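Open the model in your viewer and keep the selection tool ready. The stops below are given in the order in which to select them.

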Amino acid sequence: MPGERLSVRGRSDVGRFPGAVPPTRVELTIQKDGEKKQEEGGCRSLFRKMCPCCCKRQNSTSTDVTDKVEFIKAPAPAPAPEPAKPKPENGELKEMEEIKLSVSSVDLLSSKTGRNREEHHTDLYQGDELIIRRGQTFQMELVLSRPFNAGNDKLHLELKTGPMPLVSKGTHVIIPLVDHLEDERWEAKIVEQNGNKIKLSVNSPASAVIGLYGLMVKTSSSKCEAAMTHDSTKNIVILFNPWCEEDAVFLDDEEEAKEYVLNDTGRIYYGTEKQIGTRTWNFGQFHEGILEACLFILEKSDMPPSGQGDPVNVVRVISAMINAQDDFGVLVGNWSGDYSDGVSPSAWSSSVEILRQYHSSNGTPVSYGQCWVFSGITTTVLRCLGIPARSVTNFQSAHDTDVSLTTDVYLDENMEPINHLNSDSVWNFHVWNDCWMARPDLPPGYGGWQAVDSTPQETSQGTFRCGPASVNAIRSGQVYLKHDTPFVFAEVNSDKIFWQRNLDATFRQIHSEKRAVGHCISTKAVGSDKREDITHLYKQQEGSVEERIAVETASRFGSKPYAYSTAMAEDVCIEVKMEGEGPRMGVDAKLSILVKNLSSQPRQTTLHSQVAVMYYTGVLKGTIKKEQMPVELLPNEEKTIEWMLPYQQYQNQLVDQAALMLTLSGRVSETQQVLANQTTFRLRTPDINVTPLGEAVVGKEMAAKITFTNPLPRTLKGVVFRVEGLGLQEGHKVVVGDVGAHSTVTLTEHFIPTQPGPRKLVASLDCKQLTQVHGVADIVVLEQ
């Protein structure tokens, strides 16, 4: 209880086999004569302790486990003194009312397979603690010292959460006993009575504070002035309730609720709009220790517990706490390419290991992450707490640094980029989150999906966080509505404006691209592994009157409200195309440049091209090839120019994601029309093939073969594989070492499934020379 130590029992159950550690065996083969290796893995059961009621946690590197969240069993309270046996009088016992009414035991009916957990959609969480959702009744049983007499006896419950529980803040809840339950109130009613045992049905409001509560039961009678207090040995966790109509996070579509709250695996998209890559991510919100880790994050945020009833507050705090930029949050961002003192962002395929490591280290940030990792963890935490959430990828995602709501490109007199002025950038992809909730703090019509971003890009009210921003507000250009709507609007719908420096050092607008950013906004479809395009939720159809009105509406609130000029006549256009899924890693990269003359007059120009290595965030590392291409066009002629980047020119230059940007610019001699085009593309990497071997049955050993072929004509150094499958085996790594040019690596994983149903075995490769290499196998596990 707050003010004293709260403790709940820890569990080491793995699936249906309590206390069992399923063996993991790994067989490794490289080519024909590869060296065999074995690596033993296994489930690790780490138990953390939390006392949400003690004094405020101090920043420290101490490993004192009392600062950590975990359900542990507290010492049993001293048993109430046995009531003295009444002496017979004239052959009859004294009146039962003369015996003090006290509580002998409390049963929270918290079994995973029990009615409470099943009705509250919390039966997937590990352990047998009482995990419930607000706005919904739950039941408990009390054993009393004697039968309860409704005419004379009094009984009420008390719940406390946080370090300083207060009735006025909703963190100290007094639950009276009533005859009839009413909605939106804390109340309890006796629904069964059998001798000394009573069953209570307890109701909670849909606005209740979420978190970890301690429970007390107080009893008294009209003949006894002093109340008797019984402290429960178990605590109660209360979560948001997407199945409750009165809860702000209510989601009325059952299939969407299953996807966005209960699905513990998903897909995250990356790459470019023409080369969309897909990777499977284990959110693992029900995995052992994850709920404790999420409650620990809330505690560490120093958000007052009274604020944990509002999902807007909770989401905003989670957005700040997932990154470690300024508050010792979960994950350190790193875009340098040097991850030698941590884990490469592209090597992660699960939130579980990251959250458990953060919790077990008492809040030491984990290294390292980039946008898709921040998004994956955010999805895990929000779903775990009961807020519907999904990971969303925006291709050609603008990063507006000056709140102009435009993406500005500055060129000098010779049409060369002025690098020190070009602070805005366009990431070839960026991953954030949507979460679902009502927005009573905004005008009607702006509830529903809200954009939230945990990747540290710009500060919001002094902290690196972003959102929740109404997607409906973004779509209509209502950027004055909180939180951080202008930033997200610029990401998906800003115009790219080119400015050229004049001889007097002023700048003039020479060109604008109205369809430069916000393409193929993607998320995993409900109920399948297909990609769903949700661009229409974030913006009107490109080029439509409604879309232009939204852009102009938003621009009025930016720092350059007069950036738009009248449209210039254009009769020459350029377009970059690629074959199929685009260039592959390890060979020459080839693209096609299509130049069209739409006029009845001849046109000529000189195209200046340069290709630069690019971080996926849009920051350029350096140019690796430049050339000029004179182009002459007859009236209404189209020309295709084949462009190539040899493997030798990029092999030692690439950074994460193997992204490149091709910039084309020129001026038409006859009309002075400016031509400008920027195209990002990536060099595609091969997938890891994961093939299940044998029948998948709970408790029965099976295997999976994992195969990867090095696509490069050079040796890969220090290759490490990471393998994980929720309900199949714990995440672990397999050190492979060097893999020769075009060599094939084969691993054979042996493991014992612990949970039935559809499962995914995910493998990823960690190697400096090659990133975003991963694979997945769908495995249906049968009951024994």
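Start by selecting Tyr 260, Trp 436 and Trp 449, which together form one aromatic cluster. This is a predicted model, and every distance and angle in the tour is computed from it.

**The aromatic cluster**

Show the rings of Trp 436 and Trp 449. They make an edge-to-face pair, with 5.2 Å between the centres and 80 degrees between the planes. Trp 436 belongs to strand β20 (residues 425–437) and Trp 449 to strand β21 (residues 448–453), so colour both strands; the two residues are 13 apart, and the pair links distant parts of the chain. The model has 15 aromatic pairs in total.

Is each tryptophan of this pair buried or exposed? Trp 449 has a relative accessibility of 11%, so it counts as buried. Trp 436, at 22%, counts as partly exposed, because the limit for buried is under 20%.

Arg 390 lies over the face of Trp 449, at 3.8 Å from the ring centre.

**Helix α2**

Return to Tyr 260 and select helix α2, residues 254–262. Its buried residues are Ala 257, Glu 259, Tyr 260, Val 261 and Leu 262. Among the elements that cover these buried residues are β5 (130–133), α6 (371–385), β18 (389–399), β21 and β27 (519–524). β21 is also the strand that holds Trp 449.

Now look at the N-terminal end of α2. Asp 253 caps it, with a side-chain oxygen 2.9 Å from the backbone nitrogen of Glu 255.

**Phe 507 and Gln 500**

Select Phe 507, in strand β26 (residues 507–513). With a relative accessible area of 30%, Phe 507 is partly exposed. Beyond its neighbours within four places in sequence, Phe 507 is in contact with several residues, including Tyr 410, Leu 411, Ile 418, Leu 421 and Trp 499. Draw a distance from Phe 507 to Asp 412: their C-alpha atoms are separated by 9.0 Å, although the residues are 95 apart along the chain.

Gln 500 is another contact of Phe 507. Gln 500 is in strand β25 (residues 495–501) and has a relative accessible area of 5%, which means that it is buried. What does the side chain of Gln 500 make a polar contact with? The partner is the side chain of Arg 667, at 3.2 Å. Leaving aside neighbours within four places in sequence, the residues in contact with Gln 500 also include Asp 412, Glu 413, Met 415 and Ile 510.

**Two open sheets**

Switch to a cartoon view. Strands of a sheet pair through backbone hydrogen bonds, either parallel or antiparallel. Select β29, β30 and β33, which in that order make an open sheet of 3 strands with antiparallel pairing. The edge strands are β29 (572–577) and β33 (638–645), each pairing on one side only. From one strand to the next the twist averages 20 degrees. β29 and β30 (residues 589–597) pair over 6 bridges; on that pairing, find Val 576 opposite Ile 593.

The next sheet is also open and antiparallel, with 4 strands in the order β4-β6-β10-β9. Its edge strands are β4 (103–107) and β9 (187–194), and neighbouring strands are turned by 25 degrees against each other on average, direction ignored. Between β4 and β6 (residues 138–144) there are 4 bridges, and Val 103 stands opposite Leu 144.

**Backbone details**

- Glu 184 sits in the loop between β8 (172–175) and β9. Its phi is positive, about 60 degrees, although it is not a glycine. At 40% relative accessibility it is partly exposed.
- Asn 636 is in the loop between β32 (620–633) and β33. Its phi is also positive, near 60 degrees. At 53% relative accessibility it counts as exposed.

Then check two cis peptide bonds.

- Gly 467 to Pro 468 is cis, with omega near 5 degrees; Pro 468 is in strand β24 (residues 466–470).
- Lys 482 to His 483 is cis, with omega about 0 degrees; His 483 lies in the loop between α7 (471–476) and α8 (485–493).

How values were computed
Residues numbered from 1 in each chain as written. Predicted model: local features only at pLDDT ≥ 70, side-chain atom pairs only at ≥ 80, totals over all residues. Heavy atoms only, no water. Pairing = 2+ DSSP bridges. Axes fitted to C-alpha atoms, helices over the stretch in contact; angles between N-to-C directions. Phe/Tyr/Trp six-rings, centres within 6.5 Å; stacked < 30°, edge-to-face > 60°. Buried < 20%, exposed > 50% of the residue type's maximum accessible area, 1.4 Å probe, protein only. Lys NZ or Arg CZ within 6 Å of the ring centre and 35° of its normal. Contact = heavy atoms within 4.5 Å. Polar contact = N/O pair within 3.5 Å; in protein donor to acceptor, adjacent residues only side chain to side chain.
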